[in-house]
Amino acid sequence: MAMANLIFDALFAPLRGRETPLLLLPEGGLSGDAFYRMAARQAHALAGLGVERGDRVAAQVAKSPEALALYAACMALGAVFLPLNTGYTPAELGYFLADARPRVFVCDGARAVALAGVAGQAGATLVTLDGDGRGTLADLAEGMAETVTPAPCGAGDLAALLYTSGTTGRSKGAMLSHGNLLSNAGVLVREWRFTPADVLVHALPIFHTHGLFVASNVALLSGAAMIWQAGFDAGAVIAALPRATALMGVPTFYTRLLDEPALTRAAVAHMRLFVSGSAPLLAETHVEWEARTGHRILERYGMTETNMNTSNPYDGARRAGTVGFPLPGVEVRIMAEGRAVPVGEVGVIEVRGPNVFQGYWQMPEKTAEELRPDGWFITGDLGMRDADGYITIVGRAKDLVITGGYNVYPKEVELLLDAVPGVLESAVIGVPHPDFGEAVFAVIVPQKGAVPEAGAVLAAVAGDLARFKQPKAAVVVEALPRNTMGKVQKNLLRETYKGWFD
Ligand code: AMP
């Protein structure tokens with residue numbers, strides 16, 4: 001008997017012979033069997049390019065059925081899937097490719113010329129996959145065998161490398177194993193009661209843990225179907241709800257849906273579950289959602305390195321402003337000065353369990369700073385636990401900005417701003433934004449005698465930053481507020497500019 005491949009056997013092998021749809025698309029359904037065959041063909045195409053067990057396969061591609069099949073194909077080969085944000089610039093991609101040294105890099109055909117250099121420098125073979133599923137990867141896959149024998153992969157073998165932004169400007173590759181992903185998917189299927197009768201509206205990107213692992217893995221493991229939408233469009237989501245049972249989204253989805261008059265009780269009559277995560281859901285949104293739809297949003301908390309850690313209960317009170325309880329098998333402790341804090345007090349959240357990643361790719365020092373030898377991971381999030389055990393996230397120890405569900409580390413943006421002629425220094429903060437939750441905001445200090453114009457400074461850095469990282473606004477000030485230790489007091493800046501987007 002062939003050795004097991006944890007993820008492929010659990011998520012993809014069962015699709016073989018399934019005639020019911022896995023993906024519901026605007027142009028019709030794609031059956032589980034058709035998806036399985038697509039993944040098998042791609043696996044053979046990748047193998048033909050030399051991809052072997054343990055090799056990285058990087059992809060910066062639009063969301064499509066073929067893009068999800070690429071994930072499946074990597075799992076079949078025992079390769080490590082490395083999805084990249086579609087907003088990354090060639091310079092940003094150059095860093096990831098040089099760091100991860102993938103065997104193959106898959107990108108949109110329209111970017112192939114621009115990215116050939118960075119792929120070549122990293123020793124990766126470049127193939128293309130366009131949003132419509134065409135490209136040189138599809139050409140290679142055509143006519144390939146439609147079954148695949150998965151390479152053996154156990155709990156500790158790597159399945160994915162997901163890059164998080166780094167506070168020092170360097171991103172870190174979080175190494176996620178088959179065991180990490182499958183254990184978490186199993187827990188979420190049970191906790192959130194997913195069955196083959198479910199139809200999930202999938203409008204999240206699949207280069208991030210939320211869309212790829214929380215949404216796709218849960219649907220795949222449970223035998224559910226997905227209404228597969230290439231991006232978030234409030235009208236399209238509402239139109240899908242009468243055929244769906246569940247939606248997973250970032251808070252921005254929910255605020256945008258609330259702006260639509262078509263969001264009514266009748267529109268959600270077929271739905272059983274709305275899940276939110278990746279950034280704090282305003283209690284106000286929770287309340288408004290219930291008033292409009294009769295449903296209480298189920299908020300959960302997780303991160304790239306750990307998958308999901310906590311969730312509000314399926315049965316029982318879903319408390320607005322909290323992220324609920326630790327998931328089964330996941331331990332959570334809240335620490336300050338080396339000790340667990342009492343109920344109601346704030347500390348740094350640490351987590352331990354089969355969900356916690358294997359460390360940062362080729363960064364043993366960074367790994368040692370955040371992942372303790374006994375398995376506790378220091379999340380960097382600040383939180384507290386109430387007397388009933390509900391956990392609330394109160395802030396971030398690091399000054400991470402989360403805009404529309406994406407993380408932006410201020411340091412990376414500040415370094416670019418500081419390099420613009422006429423700029424002495426800068427501080428990048430997150431300020432409340434009605435649409436994005438938080439918006440990236442820059443406070444700029446000019447060099448003596450210079451008079452930089454805020455808009456021009458932002459324009460100067462735009463080419464080097466993915467759109468979601470670009471400041472949405474900037475001000476020029478004489479000096480940054482600092483404490484006696486010389487540290488910039490970002491809390492004061494946040495206070496000053498908190499009403500900017502009101
Ligand atoms: P990422 O690695 O991109 O998934 O981002 C993880 C970070 O998002 C966490 O460390 C938290 O700071 C934040 N986060 C995720 N879910 C929530 C939530 N429900 N409430 C508040 N913050 C959250």
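**Ligand shell and salt bridges**

With a relative accessibility of 36%, E331 counts as partly exposed. The model is predicted. Across the whole structure, a search finds 22 salt bridges, and 17 residues surround the ligand.

**Ligand surroundings**
- The closest residues to the ligand are H208, E299, R300, T304 and D381.
- By type, the shell comprises seven nonpolar, six polar and four charged residues.
- Strands β13 (298–303) and β20 (391–396) each contribute at least two shell residues; β13 provides the largest share, with five.
- An oxygen atom of the ligand lies 2.9 Å from a polar side-chain atom of H208.
- The side chain of E299 places an N or O atom 2.9 Å from a nitrogen atom of the ligand, while a backbone N or O atom of S278 lies 3.2 Å from a ligand nitrogen atom.
- The protein buries 96% of the 490 Å² that the ligand exposes when taken alone.

**Salt bridges**
- E331 and R352 form a side-chain salt bridge at 2.9 Å, N to O.
- E331 belongs to strand β16 (residues 331–336) and R352 to strand β18 (residues 347–352), so this pair ties together parts 21 residues apart in sequence.
- R352 is partly exposed, at 26% relative accessible area.
- K172 and E370 meet in a salt bridge at 3.2 Å, N to O.
- Because K172 lies in strand β8 (residues 172–177) and E370 in helix α12 (residues 364–370), the pair ties together parts 198 residues apart in sequence; both residues are buried.
- A salt bridge network links D33, R37, R41 and E146.

Key. Residues are numbered from 1 along each chain as its sequence is written. This is a predicted model: local features need pLDDT of at least 70, side-chain atom pairs count only at pLDDT 80 or more; totals for chains, interfaces and linings use all residues. Side-chain values use heavy atoms; hydrogens and water are left out. A residue is near a molecule or strand if one of its heavy atoms lies within 4 Å of it. A polar contact is a pair of N or O atoms within 3.5 Å; within protein, one must be able to donate a hydrogen and the other to accept it, and residues adjacent in sequence count only if both atoms are side-chain atoms. Accessible areas come from the Shrake-Rupley method with a 1.4 Å probe; for residues, only the protein chains shown count as cover. Helices (H or I, at least four residues) and strands (E, at least two) are DSSP runs, numbered from the N terminus. Ala, Val, Leu, Ile, Met, Phe, Trp, Tyr, Cys and Pro count as nonpolar, Asp, Glu, Lys and Arg as charged, and the others, Gly among them, as polar. A salt bridge is a side-chain nitrogen of Lys or Arg within 4 Å of a carboxyl oxygen of Asp or Glu. Buried means under 20% relative accessible area, exposed over 50%, partly exposed in between (1.4 Å probe, protein chains only).
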